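Subject: Structure handover

Hello,

Here is the structure for you to look over. My notes on it follow below.

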Amino acid sequence: MEKPGPWPPRPQLDALHARYVQEVVEDLSLCPFARKCRELGRLHRPTFLNPPSPHEAARRLADLVTAHPDAEVVLLTFVTRGALPGTPPAPTAGERAFADTERFEEFVKEVRDVYAGLPRVPARFYMVAFHPAYTRVESGRPLTPDSLVPLLRRTPDPVIQCIRADLLDQIRRQAQTAAEARFREEMARLGPEFLILAERAIQSDPELSQDIARHNFASVGAGPGRQRLEATIADILASRRALERE
């Protein structure tokens, strides 16, 4: 019987995380700027082979952004055995902590706080958790844009997605400007008096994250889109699970 190779098998792990970005996020159009960001070399994936402290993770992000000032998306990736359902329990206490979704989310909050408190932070980032063990919240109820979100965030290993704040702010402003233009056009069709009222009471669209959630729900919340999403993620996670069984 062939002996298992050294852990972790980096080429295979890196390939699976790249598949998630390209086949799930990009090909299913889950993020409006993901593909362009990657193609321009502004997406970075620092990988931790052992669970770091919140300070170590925050410092790694700060150092990376200092070295790459144009970085827009940073995927802090934590190779964790036992995080995926169906794999043996993690052999270390640190990995067991990261394998638990709630404890990992607490870790993300700590990283966020530590990063915000660092002196001379090179750029602000919005941080959210991705985890292979995420499941549907309140499975007995109909799926909604909000309850779909964790199902989209099933990465091969725990990940902190860090998106540059000024990038999201710029996209949010563009989305709001487009929404206002559409609203004005609709009011203008009703007559000049309605356009005047619109100018006085115009409201911008809700937060960008809600817009993206609605778009993703329309695309992959049901039907063929949902089937493709589940099949793609299932194949990626099955390949990740196999690495721990080799």
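Two strands are taken to pair if DSSP finds at least two bridges between them. With that rule, E3 and E5 pair in the antiparallel sense, over five bridges. Please keep in mind throughout that this is a predicted model.

Overall make-up

The protein chain holds ten helices and five strands. Of its 246 residues, 41% are buried. Among contacts in the chain with a separation of 6 or more, 76% join residues 24 or more positions apart.

Strands

Strand E2 covers residues 47–48, and Thr 47 belongs to it. Thr 47 has a relative accessible area of 12% and is therefore buried, the cut-off for buried being under 20%. Beyond the residues up to four places away in sequence, Thr 47 touches Arg 10, Asp 14, Arg 60, Thr 77 and Val 79.

In soluble globular proteins, nonpolar side chains tend to be buried together. The largest nonpolar core here has 29 residues, and Val 24, Leu 148, Val 220 and Leu 229 have the most contacts inside it. At least two residues each come from helices H1 (10–26), H2 (34–39), H6 (145–152) and H10 (223–245), and from strands E3 (73–78) and E5 (159–164). H1 gives the largest share, six residues. A separate core of 26 residues lies apart from this one, and includes Ala 62, Ala 97, Tyr 115 and Ala 123.

What does Val 220 touch, not counting residues up to four places away in sequence? Its contacts are Leu 28, Leu 30, Leu 148, Leu 152, Gly 225, Arg 226 and Leu 229. Two of these names, Leu 148 and Leu 229, are also on the list of residues with the most contacts inside the core.

H10 has 23 residues, and from its first C-alpha to its last it reaches 33 Å, close to the 33 Å expected at 1.5 Å a residue. Its buried residues are Gly 225, Leu 229, Thr 232, Ile 233, Ile 236, Leu 237, Arg 240, Leu 243 and Glu 244. As background, an α-helix has 3.6 residues a turn, so residues three or four places apart point the same way.

The axes of H6 and H10 cross at roughly 25° and come within 11 Å. Angles under 35 degrees count as roughly parallel, and H6 and H10 are therefore roughly parallel to each other. On the H6 side the contact is made by Leu 148, Leu 151 and Leu 152, and on the H10 side by Arg 226, Leu 229, Glu 230 and Ile 233.

Loops

Arg 154 sits in the loop between H6 and E5. Is Arg 154 buried or exposed? Its relative accessibility is 11%, so Arg 154 counts as buried. Arg 154 and Ile 233 are 79 residues apart in sequence, with their C-alpha atoms 7.3 Å apart in space. Setting aside residues up to four places away in sequence, Arg 154 touches Tyr 20, His 131, Pro 132, Tyr 134, Glu 230, Ile 233 and Leu 237.

Ala 133 is in the loop between E4 and H6. Its C-alpha atom is separated by 9.4 Å from that of Arg 153, which is 20 residues away along the chain. Apart from neighbours within four places in sequence, Ala 133 is in contact with Ala 83, Pro 85 and Thr 101.

Backbone angles

Ser 29 is not a glycine, yet it has a positive phi of about 55°. Ser 29 lies in the loop between H1 and H2 and is partly exposed, at a relative accessible area of 42%. Arg 120, likewise not a glycine, has a positive phi of about 55°. Arg 120 lies in the loop between helix H5 (101–117) and strand E4 (125–130), and at 77% relative accessibility Arg 120 counts as exposed.

Regards

Methods. Residues are numbered from 1 along each chain as its sequence is written. This is a predicted model: local features need pLDDT of at least 70, side-chain atom pairs count only at pLDDT 80 or more; totals for chains, interfaces and linings use all residues. Side-chain values use heavy atoms; hydrogens and water are left out. A nonpolar core is a set of buried Ala, Val, Leu, Ile, Met, Phe, Trp, Tyr and Cys residues joined through side-chain atoms within 4.5 Å. Buried means under 20% relative accessible area, exposed over 50%, partly exposed in between (1.4 Å probe, protein chains only). Helices (H or I, at least four residues) and strands (E, at least two) are DSSP runs, numbered from the N terminus. Contact means heavy atoms within 4.5 Å. The expected span of a helix is 1.5 Å times one less than its number of residues. Axes are lines fitted to C-alpha atoms, for helices over the stretch in contact, and angles run from 0 to 180 degrees between N-to-C directions. Angles under 35 degrees count as roughly parallel, over 145 as roughly antiparallel, 65 to 115 as roughly perpendicular and the rest as oblique.
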